[in-house]
Amino acid sequence: MKNAFIVTSCIKPLSSSISYEDRYKQTIETFLSVKNKDPDSVLIFADASYVELTEEEKIELRSYVDVFIDYSQDENMKRFNQSLLKSHGRSEEHTSELQSH
């Protein structure tokens, strides 16, 4: 049996005290840490960036994960970003992940 890990993020939020570059780097470090500790695991990544990631960024992130879900065009996620309710957005991401898989 394989373990599944769900990593949620908002790499490019509307506002943040952490730079986009640092958040992007931390996300990749999270992927590497999971795969280092459990190489056979399934890694699901959901991103709810307010500003859509570039194709190059998406390609790089996909290279680390088994499933990549882009919520950047999801109106609910945009609303959470605009209201700065990031924890509610994360809850919405988790709920959507579990319902779709």
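The legends below describe close-up views of a predicted model.

**View 1**
Of the 101 residues in the chain, 39% are buried.

**View 2**
The 3 strands form an open sheet in the order β1-β2-β3, and their pairing is parallel. Strands β1 (4-9) and β3 (67-70) are the edge strands, each of them pairing on one side only. Direction ignored, neighbouring strands of this sheet are turned against each other by 15° on average. In general, the strands of a sheet pair through backbone hydrogen bonds, either parallel or antiparallel.

**View 3. Strand β2 and its partners on either side.**
Strand β1 runs parallel to β2 and is joined to it by 6 bridges, and within this pairing A4 has V42 in β2 as its bridge partner. With β3, strand β2 (residues 42-47) pairs in the parallel sense over 4 bridges, and here the bridge partner of F45 is F68 in β3. Because 5 of the 6 residues of β2 are buried, this strand is largely enclosed by the rest of the structure.

**View 4. Residue I6 in strand β1.**
I6 is found in strand β1, where it counts as partly exposed because its relative accessibility is 32%. From C-alpha to C-alpha, I6 and A46 are 7.6 Å apart in space, although 40 residues separate them in sequence.

**View 5. Helices α1 and α2 where they meet.**
The axes of helix α1 (residues 20-37) and helix α2 (residues 55-62) come within 11 Å and cross at roughly 20°; the two helices are therefore roughly parallel to each other, as angles under 35 degrees are counted in this way. On the side of α1, the residues that take part are Y20, Y24, T27, I28 and F31, and they meet E57, E60 and L61 in α2. By class, the contact of α1 with α2 has 5 nonpolar, 1 polar and 2 charged residues.

**View 6. The largest nonpolar core.**
The largest nonpolar core has 12 residues in all, and these are V7, I11, Y24, I28, F31, V34, L43, F45, L53, L61, V65 and F68. The elements that give two or more residues to this core are α1 and β2, and the largest share, 4 residues, comes from α1. One of the core residues is I11, which, leaving aside its neighbours within four places in sequence, is in contact with Y20, R23, Y24, T27, F45, D47, S49, L53 and L61.

**View 7**
A second, separate core of 7 residues includes A46, A48, Y71 and F80. A48 has its place in the loop between β2 and α2, and it is buried, with a relative accessible area of 6%. F80, by contrast, is placed in helix α3 (residues 75-82), and because its relative accessibility is 16%, F80 counts as buried, the limit for this class being under 20%. F80 and A48 are 32 residues apart in sequence and 9.5 Å apart in space, C-alpha to C-alpha. A48 and S9, which are 39 residues apart in sequence, are 6.3 Å apart in space, again from C-alpha to C-alpha.

**View 8. The charged residue R23 in helix α1.**
R23, which counts as charged, has its place in helix α1 and is buried, with a relative accessible area of 12%. Leaving aside its neighbours within four places in sequence, R23 is in contact with S9, C10, I11, P13, S16 and I18. One of these contacts is C10; R23 and C10 are 13 residues apart in sequence and 8.4 Å apart in space, C-alpha to C-alpha.

Conventions. Residues are numbered from 1 along each chain as its sequence is written. This is a predicted model: local features need pLDDT of at least 70, side-chain atom pairs count only at pLDDT 80 or more; totals for chains, interfaces and linings use all residues. Side-chain values use heavy atoms; hydrogens and water are left out. Axes are lines fitted to C-alpha atoms, for helices over the stretch in contact, and angles run from 0 to 180 degrees between N-to-C directions. Angles under 35 degrees count as roughly parallel, over 145 as roughly antiparallel, 65 to 115 as roughly perpendicular and the rest as oblique. Contact means heavy atoms within 4.5 Å. Two strands pair if DSSP finds at least two bridges between them. A nonpolar core is a set of buried Ala, Val, Leu, Ile, Met, Phe, Trp, Tyr and Cys residues joined through side-chain atoms within 4.5 Å. Buried means under 20% relative accessible area, exposed over 50%, partly exposed in between (1.4 Å probe, protein chains only).
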